[in-house]
Amino acid sequence: MNTSAGSTVRVISAPTRKSKRSSTATDALRRRVLTVAAPIGLLLLWEIAIDLGMADRRLVPPPSGIAMTFLDMIMSGELLKHIGTTLFRVGCGYGIAIVPAVTLGLMMAMWKPVRYALDPLIAALFPIPKIALMPLLLLAFGFGEMSKIAVVAIAAFFPILINTYSGAAGIEKIYIDAARNFGATPGIMFRRIVLLGAMPMIFTGLRLALGISLLVVVAAEFVAAEDGVGQLIWISWELLQVDRMFVGVVTMGLLGVLSTLLLQEIEQHVIPWKQR
Amino acid sequence: MPVSQPSAEPHAPSPPNGRQGAKVEIRELYKAFDSKGGRFVALDRVDLSIAAGEFLCIVGPSGCGKSTLIRILAGLETPDAGTAAIDSTGWPVENAMVFQEASLFPWMSVFDNVAFGLRNRGVRAGDCAQRVGEALQLVGLSKFHKHYPHQLSGGMKQRAAIARAFVTNPALLLMDEPFAALDAQNRAILQEELVRLWETSRKTVVYVTHSLEEALMLGDRTIIMTAQPGRIKEEIHIPFPRPRKEMEQS
């Protein structure tokens with residue numbers, strides 16, 4: 001009837017099944033190939049570049065050389081001893097920090113006087129790079145294990161405290177109201193509402209603190225230790241044993257990845273309600 | 001004068017053990033909040049008597065103080081002046097509240113959420129498990145006791161919230177727009193179930209809503225409030241016999 005305007009019709013239909021399936025399959029394959037191929041390719045390029053003499057072997061060892069040194073040092077037990085020492089320092093310091101940091105963070109969220117008293121202290125102490133305290137801690141604790149454990153503990157303390165506090169303070173009021181209406185005592189409120197409600201943020205703090213702990217322990221071992229992975233890296237630099245230096249760096253990377261994975265595993269058991 | 005139950009109620013069962021819910025006497029209740037725009041009077045000398053076992057609805061626009069009133073009864077706010085006397089003689093727990101939105105603790109399973117009020121009051125684990133089981137059965141959530149709130153639909157969450165309130169056996173059930181966030185179909189189903197639960201337990205219910213239709217559907221009596229200052233404007237006795245059916249929407 002309306003011939004002058006013509007008609008504008010757009011038909012929307014599903015893409016054909018075949019093209020859809022093949023495109024998602026190609027995508028998955030491409031992703032898998034690239035995630036594996038990229039790092040291996042990089043290592044290969046590195047190896048070839050050294051073989052072609054594009055860099056000095058003494059300054060930049062090939063990946064194969066680092067791997068060989070790595071295996072040698074594991075077999076001799078030397079590397080495991082360094083790892084054990086470093087993990088002991090991180091574990092003690094980090095472990096010492098957790099309970100007071102979480103407790104104070106929850107108390108700050110629940111009771112205003114605690115918050116008023118601690119806020120200025122935290123504001124003053126948090127921005128100090130904790131490794132700057134190392135000389136002070138050496139004065140206080142001497143050259144033994146305590147100084148290294150203390151610097152890790154102080155460094156881990158603040159991110160856990162601050163994240164716990166903001167997690168607990170951010171709990172929605174309706175949960176506090178509901179808990180009060182259903183007869184929660186202050187103890188119940190602390191353990192079953194504020195602590196559990198803050199748990200996702202507590203784990204954010206634990207993750208941050210873990211990274212910082214590893215950073216700080218290496219820095220402390222550079223200057224004030226006779227063993228540990230940090231000391232291995234530092235001594236290797238001083239003696240120009242570049243292979244061993246790279247082994248130390250790779251080891252710290254592995255420790256970081258593995259400890260983060262362990263923490264994730266723990267988090268999944270402690271926070272089963274978290275939506276993933 | 002407290003209002004007695006309409007006598008022409010063939011469906012109302014006699015209350016178990018002769019019990020009736022809480023009696024509430026509210027006298028000259030006053031509450032104001034200071035805000036940027038000045039003083040906001042949420043409740044302006046409100047007088048209200050609620051009879052034992054009554055289903056009272058409070059309707060009004062937002063800001064009329066109906067939530068403040070129910071929160072004072074729940075013990076979550078204190079009045080600036082006046083009194084609210086709640087007589088819950090013979091009941092284990094005075095009041096329990098069903099909140100507006102999802103108020104289930106996300107970090108507890110449905111079972112632990114419902115058991116929360118019982119454990120806080122020192123109920124032994126065995127009794128606790130039995131009572132929670134019964135409460136979940138009443139609201140049709142038996143199969144979901146291990147689920148976490150985020151795994152439930154909106155309607156199921158509010159069922160669990162009702163179970164959490166009922167399980168403590170309160171004399172006074174306080175409900176603050178509990179079904180406002182639900183779709184019409186779910187709301188109608190839960191309204192019906194709520195009335196069924198109330199009829200078998202004969203608790204006193206104070207039910208806040210902004211929908212007059214919902215109030216007429218549920219209540220024995222409806223109080224209509226006005227905002228700024230929050231006052232009771234009108235009181236409607238609802239003569240419709242129970243069970244009531246919502247009128248067909250045209």
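## The interface between chain A and chain B

How much area is buried between chain A and chain B, and what share of it do carbon and sulfur atoms give? In this predicted model, the area buried between the two chains is about 2100 Å², and carbon and sulfur atoms account for 63% of that area. On the side of chain A, the residues that lose the most area to chain B are A:Asn181, A:Phe182 and A:Arg192, which together make up 36% of what that side buries. Counted by residues, the contact draws 20 residues from chain A and 27 residues from chain B.

## Polar and charged pairs across the interface

Between chain A and chain B, eight residue pairs are in polar contact, with both residues of a pair at pLDDT 80 or more. The elements of chain A that give two or more residues to the side touching chain B are α7 (173-181) and α8 (186-224); of these, α7(A) gives the most, with eight residues. By residue class, the side of chain A that touches chain B divides into 12 nonpolar, four polar and four charged residues.

## Salt bridges in the whole structure

Over all chains, a search of the whole structure finds 23 salt bridges. One that lies within chain A joins the side chains of A:Glu221 and A:Arg89, with an N to O distance of 2.7 Å. This pair links distant parts of the chain, since A:Glu221 belongs to helix α8 of chain A and A:Arg89 to helix α3 (residues 78-110) of chain A, and the two are 132 residues apart.

## The fold and dimensions of chain B

The secondary structure of chain B consists of six helices and nine strands. The radius of gyration of chain B is 18 Å, close to the 18 Å that the globule rule gives for 250 residues, so chain B is as compact as a globular protein of that length. The C-alpha trace of chain B spans about 45 × 45 × 45 Å along its principal axes.

## Backbone details in the loops of chain B

Where in chain B does B:Pro229 sit? The place of B:Pro229 is in the loop between β8 (221-226) and β9 of chain B, and a cis peptide bond with omega of about -5° joins B:Gln228 to B:Pro229.

Positive phi values in residues other than glycine occur at B:Asn169, where phi is near 60°, and at B:Glu177, where phi is near 45°. B:Asn169 is placed in the loop between α4 (154-167) and β6 (170-176) of chain B, whereas B:Glu177 is found in the loop between β6 and α5 (184-201) of chain B.

## Confidence of the model

The model as a whole scores ipTM 0.87 and pTM 0.81. For chain B the average pLDDT is 86, and 90% of the residues score at least 70. Among the elements of chain B, the lowest mean pLDDT, 85, belongs to strand β9 (residues 231-237), and the highest, 95, to helix α2 (residues 110-120).

Which stretch of chain B stays under 50 in pLDDT? That stretch is residues 1-17 of chain B, for which the model has 24 contacts beyond four places in sequence.

Note on methods. Residues are numbered from 1 along each chain as its sequence is written. Chains are lettered from A and ligands numbered from 1 in the order in which they are written. Side-chain values use heavy atoms; hydrogens and water are left out. Contact means heavy atoms within 4.5 Å. Buried area is the accessible area (1.4 Å probe) that two parts lose on being put together, summed over both. A polar contact is a pair of N or O atoms within 3.5 Å; within protein, one must be able to donate a hydrogen and the other to accept it, and residues adjacent in sequence count only if both atoms are side-chain atoms. Helices (H or I, at least four residues) and strands (E, at least two) are DSSP runs, numbered from the N terminus. Ala, Val, Leu, Ile, Met, Phe, Trp, Tyr, Cys and Pro count as nonpolar, Asp, Glu, Lys and Arg as charged, and the others, Gly among them, as polar. pLDDT is the predictor's confidence in each residue, from 0 to 100. The radius of gyration is taken over C-alpha atoms; the globule rule is 2.2 Å times the number of residues to the power 0.38. A salt bridge is a side-chain nitrogen of Lys or Arg within 4 Å of a carboxyl oxygen of Asp or Glu.
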